[in-house]
Amino acid sequence: MQTRKLGKQGLEVSALGLGCMGMSEFYKGGSEEESIATIHRAIELGVDLIDTADMYGPFTNEKLVGRALQGRRDEVVLATKFGNQRREDGSWVGINGRPEYVREACDASLRRLGVDHIDLYYQHRVDPDVPIEETVGAMAELVDAGKVRYLGLSEAAPATIRRAHEVHPVSALQTEYSLWSREPEEGILDTVRDLGIGFVAYSPLGRGFLTGRITTFEDLPEDDYRRHSPRFMGENFEKNLELVGKVREIANGRGVTPAQLALAWLLHRGRDIVPIPGTKHRERLEENVAAAELELTEDEIDQLDSAVPMGAAAGGRYTEAGMKRVNL
């Protein structure tokens, strides 16, 4: 597994990471036993960036990751997030970037993970009611205290990223980026590259759509949250299936899977980009990891850019309410 640098502060991770959200919530199926086995297999294959958040579960995903990493803590770069505040029953409180909450959330994550420090700590969503300088200032205190090594932001706008970076160096920005979510190409990538910040791409497979395995709405379990996602509903679903068909056609010509092609496309966007495809199955993990060795020609990249150009996906990334919480 090749490695890539995130930021200029010394953080280096595997070219592909592992997103753990679906092991605990939102995507149905799988088991804790298989999820832990998947994390262990990822480490064996050289994947060392393990990504979770306190809101996943809520709280249960950090506990699962902590159990999986017992005795293996030093083999991974552990990333988690705060800011999307939820209650134990799963209900939503709101976005919280207040300094006192930053400290409380970090201590709680450390307890659930069973570790003495977090390698990469993200603000999951920007709090519009708290100046970013105050939030990042509190995060910087965690670095000084040895509880956190590197800082990150998620779904932040260019101006916010610049203001945060002036308070304390930001090592990584995590934002959705894939063949069908190319919004970061409209200013965000230029901003992080200008500042020397790495880019972590979440949902690099379009929440599973770009794998080509979802062919009808009924393929989604009854309680799967994607049933309420704009891109998976009604006419949007059918239009997006056409895009996936184009990706599959190019992948078949190369003798790879659509998922591998989509991940390879992202990896070719720059050595400062690290996709973190999520899965809770070893078989899918191994398929994804193989994409790190896939070299694409300029012609293949051009074919993909033409097949799925900017703005081609039908429907928003999130519901209207969800979109109000990104790019702040």
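**Helix packing and sheet order in a predicted model**

Helix 4 and helix 5 cross in a right-handed manner (a crossing is right-handed if the near helix is turned clockwise from the far one by less than a right angle, and left-handed if anticlockwise). The model is a predicted one, in which local features need pLDDT of at least 70 and side-chain atom pairs count only at pLDDT 80 or more, while totals for chains, interfaces and linings use all residues. Residues are numbered from 1 along each chain as its sequence is written, and side-chain values use heavy atoms, with hydrogens and water left out. Helices (H or I, at least four residues) and strands (E, at least two) are DSSP runs, numbered from the N terminus.

Two packed helices are described by the angle between their axes and the distance between the axes. Here the axes are lines fitted to C-alpha atoms, for helices over the stretch in contact, and angles run from 0 to 180 degrees between N-to-C directions. For helix 4 (residues 132-144) and helix 5 (residues 158-167), the axes come within 9 Å and cross at roughly 40°. The two are therefore oblique to each other (angles under 35 degrees count as roughly parallel, over 145 as roughly antiparallel, 65 to 115 as roughly perpendicular and the rest as oblique). Helix 4 brings I132, E133, V136 and G137 to the contact, and helix 5 brings T160, R163, A164 and V167, where contact means heavy atoms within 4.5 Å. By class, four of these residues are nonpolar, two polar and two charged; Ala, Val, Leu, Ile, Met, Phe, Trp, Tyr, Cys and Pro count as nonpolar, Asp, Glu, Lys and Arg as charged, and the others, Gly among them, as polar.

E34, A37, T38, R41 and A42 of helix 1 meet R282, L285 and E286 of helix 9. That contact divides into three nonpolar, one polar and four charged residues.

Helix 2 and helix 3 have axes that come within 7 Å and cross at roughly 45°, which makes helix 2 oblique to helix 3. On the helix 2 side, E62, K63, V65 and G66 take part, facing S109, R112 and L113 of helix 3. Two nonpolar, two polar and three charged residues make up this contact.

Turning to the strands, an open sheet of eight runs in the order 3-4-5-8-9-10-11-12, with parallel pairing (two strands pair if DSSP finds at least two bridges between them). Its edges are strand 3 (18-19) and strand 12 (273-275), each pairing on one side only. Helix 3 (residues 99-113) packs on the sheet and touches strand 5 (77-82), strand 8 (118-123) and strand 9 (148-154), its direction making about 135° with that of strand 8. Strand 11 (residues 198-202) runs parallel to strand 12 and is joined to it by three bridges; A201 has P275 as its bridge partner.

Strand 1 (residues 3-6) and strand 2 (residues 11-14) pair in the antiparallel sense over four bridges, with V13 as the partner of R4. They form a hairpin with four residues between them, and G7 in the turn has a positive phi of about 75°.

Finally, the count of salt bridges comes to 30, each being a side-chain nitrogen of Lys or Arg within 4 Å of a carboxyl oxygen of Asp or Glu. One of them joins D119 and R73 (3.0 Å, N to O). D119 lies in strand 8 and R73 in the loop between helix 2 (60-68) and strand 5, so this pair ties together parts that are 46 residues apart in sequence.
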